[in-house]
Amino acid sequence: MDTKESYAVVTGASQGLGKAFAENLAGKNINVILISLPGQQLKELSRQLEETYRIRAPYYETDLSVNENVLKLTEWLNKSFRIHILINNAGLGGTQKFVEASPAYINTILQVNVTATSLITHQLLPNLLKQPEAYILNVSSMAAFSPIGFKTVYPASKTFIHSFSRGLHEELKDTNVFVSVVNPGAMKTNKDVCKRIEKQGILGKLTLLDPDKVAAYCIRQLFRRDSVIMVNPVSWLVMKILPIWIKLPLMTSAIKKEIEA
Ligand SMILES: NC(=O)c1ccc[n+]([C@@H]2O[C@H](COP(=O)([O-])OP(=O)(O)OC[C@H]3O[C@@H](n4cnc5c(N)ncnc54)[C@H](OP(=O)(O)O)[C@@H]3O)[C@@H](O)[C@H]2O)c1
């Protein structure tokens with residue numbers, strides 16, 4: 001399809017996997033709308049993508065943990081652009097004893113990972129349905145496949161994303177909108193993530209992924225209409241085979257090392 005007048009939306013686009021998605025799409029001559037928190041040098045990234053790839057890369061800075069912001073963002077997107085790709089990448093987690101977590105920590109994870117993803121998808125769907133061909137990619141996590149102590153809310157939020165995406169895929173399968181979900185394992189996205197993975201020991205390091213490679217693979221598979229994109233098939237198989245009574249304590253003790261280190 002002619003994508004000159006149409007746009008891809010990427011949330012959490014300033015760094016890590018989101019930035020890799022934006023660069024990959026721009027490299028395919030697809031206009032990309034960059035969304036991130038304020039103060040993340042989005043303007044520079046936008047200019048760099050526009051100059052390097054000769055595409056359009058408008059940007060919008062907002063905190064997605066506030067519902068009102070999400071609705072303002074989607075209103076602006078629907079008013080201004082034809083959208084044929086939506087990548088719900090923004091998401092965050094952390095490692096804490098649940099009793100010590102602040103209400104803001106719990107609320108932000110749920111708002112960004114669960115509510116913003118659902119609302120953005122809901123609000124942009126009429127726009128996507130109007131395009132000849134459209135794609136939604138939701139970023140879940142390998143953590144979706146097991147509850148994990150000391151992470152609690154994060155894996156639960158990613159299980160939601162996995163289930164939500166598969167349900168929506170089925171609901172929209174006879175339309176022009178193709179829905180996919182990816183469940184990556186740990187990636188070298190930022191210093192914080194790398195430090196945390198170091199503390200998990202060998203299990204964490206063994207499965208570490210490169211975000212550029214993950215993004216490239218995901219986009220390729222999305223266009224090939226792969227509804228559940230597996231970037232670490234071996235870890236996925238292990239997670240599927242292991243019964244809960246083995247994987248739950250195993251994962252929890254690996255994560256506990258982060259707190260103890
Ligand atoms: N890194 C990993 O090991 C790993 C593994 C599995 C799954 N994932 C998932 O992959 C996605 C990207 O992760 P990442 O590691 O690249 O990101 P990251 O470096 O951990 O940064 C957090 C992401 O969420 C966005 N974000 C956080 N709070 C936000 C808020 N209040 N409003 C708007 N955006 C907010 C950030 O966007 P900006 O900074 O651009 O504002 C950024 O994209 C997430 O959904 C994550 O759960 C990551």
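For pairing I took rings of Phe, Tyr and Trp (its six-membered ring) with centres within 6.5 Å, where planes under 30 degrees apart count as stacked, over 60 as edge-to-face and the rest as tilted. The count by this rule is 6 aromatic pairs. I examined Tyr135 and Phe178: their ring centres are 6.4 Å apart and their planes stand at 65°, so I recorded the pair as edge-to-face. Helices (H or I, at least four residues) and strands (E, at least two) are DSSP runs, numbered from the N terminus. I noted both Tyr135 and Phe178 as buried, that is, under 20% relative accessible area, with exposed over 50% and partly exposed in between (1.4 Å probe, protein chains only).

The model is predicted; local features need pLDDT of at least 70, side-chain atom pairs count only at pLDDT 80 or more, and totals for chains, interfaces and linings use all residues. Residues are numbered from 1 along each chain as its sequence is written, and side-chain values use heavy atoms, with hydrogens and water left out.

Next I turned to Asn176, in the loop between α5 and β6. Is Asn176 buried or exposed? Its relative accessibility is 18%, so Asn176 counts as buried. I then listed polar contacts (pairs of N or O atoms within 3.5 Å; within protein, one must be able to donate a hydrogen and the other to accept it, and residues adjacent in sequence count only if both atoms are side-chain atoms). The Asn176 side chain reaches the backbone oxygen of Leu128 at 3.0 Å, and a polar atom of that side chain lies 2.5 Å from the backbone oxygen of Gln131.

Last, I inspected the ligand. Of the 30 residues around the ligand (a heavy atom within 4 Å), Ser14, Leu37, Asn89, Thr189 and Asn190 come nearest. A ligand oxygen is 2.6 Å from a side-chain N or O atom of Ser14, and a ligand oxygen is 2.7 Å from a side-chain N or O atom of Gln15. I also found a ligand oxygen 3.1 Å from a polar backbone atom of Gly91. Taken alone, the ligand exposes 860 Å², of which the protein buries 91% (Shrake-Rupley method, 1.4 Å probe). Helices α1 (16–27) and α5 (153–171) each supply at least two residues of the shell.
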